[in-house]
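Work through the exercises below with the sequence and the model open. Each task is followed by its solution in steps.

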Amino acid sequence: MKIEAAKAGDSSLLTELAMASKAYWNYTPQQLNEWKDELTVTEQYIAERHVYKCICGSKIVGFYALSGLVGSIISLDFLFVLPDYIGCGLGSLLAEHAIEMSKQLLAEAIMLDADPNATAFYEKLGFEVLGQKESTIPGRYLPVMRKMLS
């Protein structure tokens, strides 16, 4: 497996991967449809952010995206793994890569809005829950998490 920068031409595959990964958690088709815009990775998105893909053989099996270095804080916008690879350590590998990239970008902390199903995963990596925010689906809340890097 190797991790490398995503290219504009990867946008459709990354979007499909994000949708498949989200669907793994038994969300309804209606919920997945409501998140379609949020989970779409465009060529412009890739051009404007730090997007990295994980390749196994010739297949993209996971990716993450960092954006918005504001002061000393960077955001982890996406971290998705294909369902067949969930539980194999690939998510941790991608997260560790994202942490190292964030340090190279001189970030002192990473922030993210976690899917509730991923809270324990991020806590194992040293992220802490700071609070919560309402998602785009009314009545659904996402943990706001942070990991200090220094």
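Helices (H or I, at least four residues) and strands (E, at least two) are DSSP runs, numbered from the N terminus. The model is predicted, so local features need pLDDT of at least 70 and side-chain atom pairs pLDDT 80 or more, while totals for chains, interfaces and linings use all residues. Residues are numbered from 1 along each chain as its sequence is written, and side-chain values use heavy atoms, without hydrogens or water.

**Exercise 1.** State which elements line the largest pocket and which of them gives the largest share.

Step 1. A pocket is an open set of points on a 1 Å grid over the protein atoms alone, where a 1.4 Å probe fits, with protein on both sides within 12 Å along at least five of seven lines; lining residues have an atom within 4 Å of a point.

Step 2. The lining has 40 residues, and Leu79, Phe80, Asp115, Ala118 and Tyr122 lie nearest the centre of the pocket.

Step 3. At least two lining residues each come from α1 (11-23), β4 (73-81), α4 (90-104), β5 (109-113), α5 (119-124), β6 (128-134) and β7 (141-148). The largest share, seven residues, belongs to β4.

**Exercise 2.** Describe the order of elements in the protein chain and its extent.

Step 1. The protein chain has five helices and seven strands.

Step 2. Along the sequence they follow β-α-α-α-β-β-β-α-β-α-β-β.

Step 3. The C-alpha trace spans about 40 × 40 × 30 Å along its principal axes.

Step 4. Of the 150 residues, 43% are buried, meaning under 20% relative accessible area with a 1.4 Å probe, protein chains only.

Notes:
Buried < 20%, exposed > 50% of the residue type's maximum accessible area, 1.4 Å probe, protein only.
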